[in-house]
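Thanks, everyone. I would like to walk through the charged and aromatic side-chain pairs in this model, one group at a time. Please have the sequence and the structure in view while I talk.

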Amino acid sequence: LLFRSSHASPGVSGNNGLDLGDAHLNAELQEKYIDLMCQINPTQVYAYLKAASGYRLEQTLQICRKHEQQESIAFLLERAGDIKGAFEILLDILKERVNKLLSSLEEDSNNSSETLLLGHVQAQVVKLVRVCQLGSSQL
(Lines give C-alpha, C1' and ligand atoms only; values in the text may rest on other atoms or scores of the structure.)
Protein backbone atom coordinates (compact mmCIF):
# COMPACT_ATOMS: atom_id res chain seq x y z
CA LEU A 1 0.00 0.00 0.00
CA LEU A 2 1.30 3.39 -0.94
CA PHE A 3 0.40 6.42 1.16
CA ARG A 4 0.77 9.79 -0.53
CA SER A 5 0.43 11.62 2.75
CA SER A 6 1.08 10.51 6.28
CA HIS A 7 -2.18 12.24 7.23
CA ALA A 8 -4.37 10.71 4.52
CA SER A 9 -7.62 9.28 5.77
CA PRO A 10 -9.13 6.47 3.75
CA GLY A 11 -12.49 6.96 2.09
CA VAL A 12 -13.17 10.68 2.30
CA SER A 13 -12.51 11.76 -1.29
CA GLY A 14 -10.82 10.58 -4.46
CA ASN A 15 -8.41 7.76 -3.86
CA ASN A 16 -7.37 9.40 -0.57
CA GLY A 17 -3.70 8.80 -0.98
CA LEU A 18 -4.26 5.07 -1.24
CA ASP A 19 -3.48 2.94 -4.24
CA LEU A 20 -5.98 0.16 -3.67
CA GLY A 21 -7.76 -1.98 -6.21
CA ASP A 22 -9.62 -4.08 -3.70
CA ALA A 23 -12.77 -2.44 -2.28
CA HIS A 24 -12.95 -5.00 0.53
CA LEU A 25 -9.43 -4.14 1.64
CA ASN A 26 -10.28 -0.45 1.41
CA ALA A 27 -13.31 -1.01 3.67
CA GLU A 28 -11.16 -2.92 6.16
CA LEU A 29 -8.59 -0.10 6.16
CA GLN A 30 -11.31 2.47 6.75
CA GLU A 31 -12.74 0.45 9.59
CA LYS A 32 -9.29 0.18 11.20
CA TYR A 33 -8.86 3.93 10.72
CA ILE A 34 -12.27 4.54 12.36
CA ASP A 35 -11.34 2.21 15.23
CA LEU A 36 -8.10 4.12 15.80
CA MET A 37 -9.89 7.45 15.52
CA CYS A 38 -12.36 6.32 18.21
CA GLN A 39 -9.40 5.76 20.50
CA ILE A 40 -7.18 8.71 19.60
CA ASN A 41 -9.55 11.45 18.42
CA PRO A 42 -13.10 10.42 19.36
CA THR A 43 -14.61 13.87 18.84
CA GLN A 44 -13.90 13.63 15.09
CA VAL A 45 -15.53 10.25 14.41
CA TYR A 46 -19.03 11.56 13.68
CA ALA A 47 -17.77 14.21 11.23
CA TYR A 48 -15.58 11.64 9.50
CA LEU A 49 -18.44 9.16 9.08
CA LYS A 50 -20.65 11.86 7.59
CA ALA A 51 -17.99 12.76 5.01
CA ALA A 52 -16.63 9.29 4.25
CA SER A 53 -17.96 6.50 2.09
CA GLY A 54 -16.95 2.94 1.41
CA TYR A 55 -17.02 1.63 4.96
CA ARG A 56 -19.35 -1.23 5.82
CA LEU A 57 -22.24 -0.12 8.01
CA GLU A 58 -22.52 -3.18 10.25
CA GLN A 59 -18.81 -3.45 10.98
CA THR A 60 -18.49 0.29 11.57
CA LEU A 61 -21.53 0.20 13.83
CA GLN A 62 -19.86 -2.52 15.92
CA ILE A 63 -16.70 -0.40 16.20
CA CYS A 64 -18.66 2.65 17.30
CA ARG A 65 -20.64 0.61 19.84
CA LYS A 66 -17.41 -0.82 21.23
CA HIS A 67 -16.12 2.72 21.81
CA GLU A 68 -19.52 4.11 22.91
CA GLN A 69 -19.64 6.73 20.15
CA GLN A 70 -23.32 7.55 20.60
CA GLU A 71 -23.72 10.24 17.92
CA SER A 72 -21.90 8.06 15.41
CA ILE A 73 -24.06 5.08 16.34
CA ALA A 74 -27.19 7.17 15.78
CA PHE A 75 -25.89 8.35 12.40
CA LEU A 76 -25.10 4.78 11.30
CA LEU A 77 -28.46 3.49 12.52
CA GLU A 78 -30.16 6.23 10.52
CA ARG A 79 -28.19 5.25 7.40
CA ALA A 80 -29.15 1.62 8.00
CA GLY A 81 -32.83 2.60 8.16
CA ASP A 82 -33.31 2.21 11.92
CA ILE A 83 -34.80 5.66 12.41
CA LYS A 84 -36.39 4.76 15.75
CA GLY A 85 -33.08 3.51 17.16
CA ALA A 86 -31.30 6.64 15.94
CA PHE A 87 -34.01 8.85 17.43
CA GLU A 88 -33.80 7.16 20.83
CA ILE A 89 -30.02 7.62 21.01
CA LEU A 90 -30.23 11.27 19.91
CA LEU A 91 -32.97 11.91 22.46
CA ASP A 92 -30.80 10.42 25.22
CA ILE A 93 -27.91 12.66 24.15
CA LEU A 94 -30.24 15.68 24.20
CA LYS A 95 -31.43 14.84 27.71
CA GLU A 96 -27.83 14.52 28.89
CA ARG A 97 -26.88 17.88 27.37
CA VAL A 98 -29.93 19.62 28.82
CA ASN A 99 -29.07 18.21 32.26
CA LYS A 100 -25.49 19.51 31.93
CA LEU A 101 -26.81 22.93 30.96
CA LEU A 102 -29.24 23.01 33.90
CA SER A 103 -26.48 21.93 36.30
CA SER A 104 -24.26 24.68 34.95
CA LEU A 105 -27.01 27.25 35.45
CA GLU A 106 -27.60 26.06 39.02
CA GLU A 107 -23.88 26.29 39.80
CA ASP A 108 -23.86 29.87 38.52
CA SER A 109 -20.76 29.24 36.42
CA ASN A 110 -19.38 31.60 33.81
CA ASN A 111 -21.39 32.61 30.77
CA SER A 112 -18.97 31.17 28.21
CA SER A 113 -19.46 27.58 29.42
CA GLU A 114 -23.23 28.08 29.51
CA THR A 115 -23.16 29.44 25.96
CA LEU A 116 -21.14 26.44 24.82
CA LEU A 117 -23.54 24.02 26.55
CA LEU A 118 -26.53 25.81 25.02
CA GLY A 119 -24.90 25.46 21.60
CA HIS A 120 -24.55 21.70 22.19
CA VAL A 121 -28.23 21.48 23.15
CA GLN A 122 -29.28 23.43 20.07
CA ALA A 123 -27.15 21.25 17.78
CA GLN A 124 -28.73 18.13 19.26
CA VAL A 125 -32.23 19.51 18.73
CA VAL A 126 -31.40 20.13 15.07
CA LYS A 127 -30.23 16.50 14.71
CA LEU A 128 -33.41 15.22 16.35
CA VAL A 129 -35.62 17.32 14.10
CA ARG A 130 -33.75 16.06 11.02
CA VAL A 131 -34.22 12.44 12.07
CA CYS A 132 -37.91 13.10 12.77
CA GLN A 133 -38.35 14.62 9.32
CA LEU A 134 -36.58 11.73 7.60
CA GLY A 135 -38.45 9.02 9.40
CA SER A 136 -41.75 10.52 10.49
CA SER A 137 -43.63 7.49 9.20
CA GLN A 138 -41.48 5.09 11.26
CA LEU A 139 -41.62 6.88 14.63
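Let me begin with glutamate 96 and lysine 100, which are four residues apart in helix α5 and therefore separated by about one helical turn; helices here are DSSP runs of H or I with at least four residues, numbered from the N terminus. The side chains of these two residues meet in a salt bridge, at 3.7 Å from N to O, where the term requires a side-chain nitrogen of Lys or Arg within 4 Å of a carboxyl oxygen of Asp or Glu. Glutamate 96 is partly exposed, with a relative accessible area of 46%, and lysine 100 is likewise partly exposed, with a relative accessible area of 46%. For those terms, buried means under 20% relative accessible area, exposed means over 50%, and partly exposed lies in between, with a 1.4 Å probe and protein chains only.

Before going further, a word on the source: this is a predicted model, in which local features need pLDDT of at least 70 and side-chain atom pairs count only at pLDDT 80 or more, while totals for chains, interfaces and linings use all residues. Residues are numbered from 1 along each chain as its sequence is written, and side-chain values use heavy atoms, with hydrogens and water left out.

Staying with helix α5, residues 83–107, we have 25 residues reaching 36 Å from the first C-alpha to the last, close to the 36 Å expected at 1.5 Å a residue, the expected span being 1.5 Å times one less than the number of residues. Its buried residues include Ile89, Leu90, Ile93, Leu94 and Arg97.

How many salt bridges does the rule give? The count comes to seven. One of these joins lysine 127 to glutamate 71, with the closest N and O atoms 1.9 Å apart. Lysine 127 lies in helix α6 and glutamate 71 in helix α4, residues 70–80, so the pair ties together parts that are 56 residues apart in sequence. Both lysine 127 and glutamate 71 are buried, the former at 14% relative accessibility.

A further salt bridge links glutamate 78 and arginine 130, whose closest N and O atoms are 2.6 Å apart. Here glutamate 78 lies in helix α4 and arginine 130 in helix α6, so this pair ties together parts 52 residues apart in sequence. Glutamate 78 counts as buried at 15% relative accessibility, whereas arginine 130, at 30%, counts as partly exposed.

What else does lysine 127 touch? Leaving aside residues up to four places away in sequence, lysine 127 touches Tyr46, Glu71 and Leu90, contact meaning heavy atoms within 4.5 Å. Lysine 127 also lies over the face of tyrosine 46, at 4.4 Å from the ring centre; that label asks for NZ of Lys or CZ of Arg within 6 Å of the ring centre and within 35 degrees of the ring normal.

That brings me to the rings, where the count comes to two aromatic pairs; rings of Phe, Tyr and Trp (its six-membered ring) pair if their centres lie within 6.5 Å, with planes under 30 degrees apart counting as stacked, over 60 as edge-to-face and the rest as tilted. The rings of tyrosine 33 and tyrosine 48 have their centres 5.2 Å apart and their planes at 55°, so this pair is tilted. Tyrosine 33 counts as partly exposed at 27% relative accessibility, while tyrosine 48 is buried, with a relative accessible area of 7%. Tyrosine 46 and phenylalanine 75 form an edge-to-face pair, 5.9 Å centre to centre with 85° between the planes.

Conventions
Helix = DSSP H or I, 4+ residues; strand = E, 2+ residues; numbered from the N terminus.
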